[in-house]
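Subject: The model, and what turned up in it

Hello,

Here is the structure I promised to pass on. Please open it beside this message, and I will walk you through the findings below.

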Amino acid sequence: MKLKDKVAFVTGGSSGIGRGICHAFAKEGASIVFIGLNADKGKRTEQELVDLGCNALYIQADLSDRKVLPSLIERTIEKFGKLDILVNNAHSSKTVTIEETTEEIMDLSLNTGLWATFILMQSALPYLKETQGTVINFASGAGLDGLARQASYAASKEAVRAITRVAANEWGRYGINVNVIAPLANSPGVDEMKETHPNAYDKMLSLIPLRRMGDCEKDIGRVAVFLASSDAEYITGHTLMVDGGTVKAR
């Protein structure tokens, strides 16, 4: 029970990688507040966590609405009295070329990725100081490799990596660890790609040295457990590639 008595806050916890993290955290004893936009998926995941014996709370929220973000942290404190782990996983974007990228498309990516991560980190800081807590942010190989048609997504993800490194340097004196996971896993988006563009999916799979797609809970969630546990308390400011070896760490 590596996370026994710890309280975690996870964005995008209703499905995909976020749901995998919530399941992995629950099995290690954490209490969890998670955010998601789809109420049906959120309630379903909340019940799954409760069935695992987890004290879980789902909150429906749109992370692009900056005004609501501080209140989400406050609700976590009201519910559990503290915060040990902040996981900024959720992100929305559109896949288009640079020429096709509008201000609206860029704003969608920056608001749900960079700005949501930044404001939640600011709002959580006073409570993370009290617990010498952990922040786990999410980046992507799309930013590291500059994948085509990913301008807004890559820009936001690389900005998240930048503020993670700054926070690691600023917050180390409080005993707070701040790290990044760059994952590749069978999220709903990847599953949809497998169904609609099987050739592109097979090509992507062939570029993974381990020749398999990551599992949201077993591969990504378990690494998040490690970073949130005392086992990783001497790691900060690091980008951990959890992608089967696809992108070499920078």
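One term first: a residue is called buried under 20% relative accessible area, exposed over 50%, and partly exposed in between, using a 1.4 Å probe and protein chains only. This is a predicted model, in which local features need pLDDT of at least 70 and side-chain atom pairs count only at pLDDT 80 or more, while totals for chains, interfaces and linings use all residues. Residues are numbered from 1 along each chain as its sequence is written, and side-chain values use heavy atoms, with hydrogens and water left out.

**The sheet**

Helices (H or I, at least four residues) and strands (E, at least two) are DSSP runs, numbered from the N terminus. Two strands pair if DSSP finds at least two bridges between them. With that in hand, you will find an open sheet of seven strands in the order β3-β2-β1-β4-β5-β6-β7, paired in parallel. The edges are β3 (56–60) and β7 (239–242); each has a single partner strand, so one side of each is left without a neighbour in the sheet. On average, neighbouring strands here are turned by 15° against each other, direction ignored. For this and the angles below, axes are lines fitted to C-alpha atoms (for helices over the stretch in contact), and angles run from 0 to 180 degrees between N-to-C directions.

Strand β4 (residues 85–88) runs parallel to β5 (residues 134–138), and four bridges join them. Val87 has Ile136 as its bridge partner in β5, and Asn88 stands opposite Asn137. Five of the five residues of β5 are buried, so this strand is largely enclosed by the rest of the structure. Both of its faces are covered, with Thr134, Ile136 and Phe138 on one side and Val135 and Asn137 on the other.

**Helices on the sheet and on each other**

Contact here means heavy atoms within 4.5 Å. Helix α2 (residues 39–51) lies across β2 (31–36) and β3, running at about 175° to β3. Helix α4 (residues 103–131) lies across β1 (7–11), β4, β5 and β6 (177–183), at about 180° to β4.

Two packed helices are described by the angle between their axes and the distance between the axes. Helix α7 (residues 188–196) and helix α8 (residues 198–206) pack at about 120°, with axes 5 Å apart. The pair is therefore oblique; angles under 35 degrees count as roughly parallel, over 145 as roughly antiparallel, 65 to 115 as roughly perpendicular and the rest as oblique. From α7, the contact uses Val190, Met193, Lys194, Glu195 and Thr196, and from α8 it uses Pro198, Ala200, Tyr201 and Met204. These residues divide into six nonpolar, one polar and two charged.

**Aromatic pairs**

Rings of Phe, Tyr and Trp (its six-membered ring) pair if their centres lie within 6.5 Å; planes under 30 degrees apart count as stacked, over 60 as edge-to-face and the rest as tilted. By this rule there are two aromatic pairs. Phe34 and Tyr58 form a tilted one, at 5.3 Å centre to centre and 40° between the planes. Phe34 lies in β2 and Tyr58 in β3, so the pair ties together parts that are 24 residues apart in sequence. Phe34 is buried at 0% relative accessible area, and Tyr58 is also buried, at 6%.

The rings of Trp115 and Phe118 have centres 5.9 Å apart and planes at 85°, so they are edge-to-face. Both residues lie in helix α4, three residues apart, about one turn of the helix. Trp115 is partly exposed at 33%, and so is Phe118, at 31%.

**A few single residues**

Ser152, in helix α6 (residues 151–171), is buried at 2%. Leaving aside neighbours within four places in sequence, Ser152 is in contact with Ser93, Lys94, Ile105, Met106 and Ser109.

Most residues other than glycine have a negative phi. Asp5 has a positive phi, near 70°; this residue lies in the segment before β1 and is exposed at 53%. Arg211 also has a positive phi, of about 60°; Arg211 sits in the loop between α8 and α9 (216–228) and is exposed at 54%.

Best wishes

Conventions
Ala, Val, Leu, Ile, Met, Phe, Trp, Tyr, Cys and Pro count as nonpolar, Asp, Glu, Lys and Arg as charged, and the others, Gly among them, as polar.
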